[in-house]
Amino acid sequence: MTVAVEQGPTSNSRQCADQIAPDFSRTAYCVHGLICDVVTMEQVTQKIIASIKEGRRCNIATPNANFLRMIRSDPDFRDAVLASDLCVIDGMPLVWFARALGIAAPHRVCGSDLFDALMRRTSDRISAFFFGATDDIGRRVRERLDESTSGVWCAGAYSPGFGTVDSMSDPRIFDIINQASPDLLVVSVGPRKGLLWLNRNEHLLSSPVICNLGATIHFVAGSVKRAPVFFRSHGLEWLWRIKEEPALWRRYALDLRTLTSVLVGQILPCLVKRALHKPSATQPSAPRLQHYHDVTAEALKFSGAWTKDNLAPVRAGLAAATQRASNLVLDFEDVTFVDAAFLGLVLVAYGYQRRIQRGFFLRASSRQVKSMMRLHGCGFLLSAGQARPETNSTPWPVSANKLGVRKLWQTIAMRGGLWSNFHRH
């Protein structure tokens with residue numbers, strides 16, 4: 001395997017961009033277990049440029065129908081997606097699902113279009129390192145960017161082959177990437193492997209912006225032709241991809257089966273339940289949020305109905321509760337209604353807790369609230385923090401082990417016990 005690196009500033013001259021902090025000001029919604037940020041292409045590019053200038057970590061995920069299928073059977077992949085700083089809607093089916101849920105998602109912001117937008121932005125030239133594909137593809141990407149007046153120049157490329165996440169986590173690889181000091185690290189080793197690799201190793205990477213952009217490296221190299229605009233804008237890019245790469249038909253067939261299952265089994269029932277139980281404007285269920293803490297955890301007790309119209313205290317409460325690296329407890333015992341906007345912020349909190357390896361615990365016994373969460377694809381949160389039943393999943397850290405979980409839930413089970421034992425802010 002060959003490595004092409006154009007030496008930039010040494011890694012010692014740039015502070016490592018791994019300062020991680022949750023952003024609860026995000027316009028984040030839950031779309032059946034995925035976080036989807038409703039943002040424009042311009043807003044995303046502005047965030048990338050700002051992160052680079054400030055040396056602040058921005059981990060970008062681009063969820064699509066394939067993600068929707070994989071998070072249902074792979075909790076580690078799901079957690080890696082939710083741990084991202086920004087999740088832009090890559091697939092048109094997710095845009096349609098979001099709109100069906102009342103989310104104002106104007107269009108998709110796919111990874112390939114995002115990279116094209118950065119290439120067109122010549123006023124802020126940035127350096128990119130490409131991790132993935134083959135040596136030949138890496139060489140062609142470098143030649144393409146070097147020959148153009150693109151807003152992105154190639155700082156280097158590395159082909160890790162077709163190994164495991166473990167084999168690709170060799171310290172020598174991180175040295176190669178960091179010595180190039182890229183502004184943007186583009187990973188192209190498949191969605192699952194790429195996100196797991198980033199989630200596991202982001203603290204070892206100095207690049208401010210990191211992302212897994214799938215086939216983007218092939219589009220830049222010219223080895224795969226992108227679908228015409230008509231196909232992309234009408235949700236038909238998958239047909240073009242099958243024409244270009246026939247082996248993809250099986251993946252898209254499985255994705256279609258998942259989309260149909262979600263539509264029939266979750267979206268339609270969710271719309272019915274929302275119509276029947278959403279609080280009216282004339283008789284709202286007054287929301288209330290209380291914040292408590294002790295030496296082991298931060299706790300937020302929610303009461304009433306929570307929707308996109310009353311999220312200000314949720315944003316402030318979650319921001320305050322995550323200021324210190326501690327376990328996080330959310331109590332939904334007195335909650336009467338939740339929507340996709342509220343659950344989107346809950347998923348941001350969950351992803352952050354997983355990212356910093358701290359516990360996340362959620363309590364909800366109301367049948368209606370639990371049903372709403374499951375219909376939104378968030379049923380896994382109901383068992384978060386307990387001994388995880390999934391096989392081959394990453395265990396919770398010592399701060400949230402079985403003994404600690406058992407003691408915490410014993411406290412919660414005592415009527416009012418949790419709140420009397422916590423100190424109110």
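Contact here means heavy atoms within 4.5 Å. The model discussed below is predicted.

Reader: Which residues does Val187 contact, leaving aside its neighbours within four places in sequence?
Author: Val187 lies in strand E8, which covers residues 184-188. Neighbours within four places in sequence are set aside. The contacts of Val187 are then Phe131, Gly194, Trp197, Leu198, Cys211, Asn212, Leu213 and Gly214.

Reader: What distance separates the C-alpha atoms of Val187 and Asn212?
Author: Asn212 is among the residues in contact with Val187. Along the chain the two are 25 residues apart.

Reader: Does Val187 count as buried or exposed?
Author: A residue is buried when its relative accessible area is under 20%. The relative accessibility of Val187 is 0%. Val187 therefore counts as buried.

Reader: What percentage of the residues of the protein count as buried?
Author: The protein has 17 helices and 14 strands. Its residues number 425. Of these, the share that counts as buried is 56%.

Reader: Among contacts between residues at least 6 apart in sequence, what percentage join residues at least 24 apart?
Author: The count takes in contacts in the protein between residues at least 6 apart in sequence. Those that join residues at least 24 apart make up 78%.

Reader: How are the directions of helices H4 and H12 related, roughly parallel or roughly antiparallel?
Author: Helix H4 spans residues 92-100 and helix H12 spans residues 249-277. They pack with their axes 10 Å apart, at an angle of about 15°. Because angles under 35 degrees count as roughly parallel, H4 is, relative to H12, roughly parallel.

Reader: How many residues of the contact of H4 with H12 are charged?
Author: From H4, the residues Pro93, Phe97 and Ala100 take part. They meet Leu259, Val262, Leu263, Ile267, Leu271 and Arg274 in H12. By class, the residues of this contact comprise eight nonpolar and no polar, and the number charged is one.

Reader: In which loop is Ala133 placed?
Author: Ala133 has a positive phi of about 60° although it is not a glycine. Most residues other than glycine have a negative phi. With 17% relative accessibility, Ala133 counts as buried. Its place is in the loop between strand E6 (126-132) and helix H6 (135-147).

Reader: What is the phi of Gln357?
Author: Gln357 is placed in the loop between helix H14 (340-355) and strand E13 (360-363). Gln357 is not a glycine, yet its phi is positive, at about 60°.

Notes: Residues numbered from 1 in each chain as written. Predicted model: local features only at pLDDT ≥ 70, side-chain atom pairs only at ≥ 80, totals over all residues. Heavy atoms only, no water. Axes fitted to C-alpha atoms, helices over the stretch in contact; angles between N-to-C directions. Helix = DSSP H or I, 4+ residues; strand = E, 2+ residues; numbered from the N terminus. Parallel < 35°, antiparallel > 145°, perpendicular 65-115°, else oblique. Nonpolar A, V, L, I, M, F, W, Y, C, P; charged D, E, K, R; others polar. Buried < 20%, exposed > 50% of the residue type's maximum accessible area, 1.4 Å probe, protein only.
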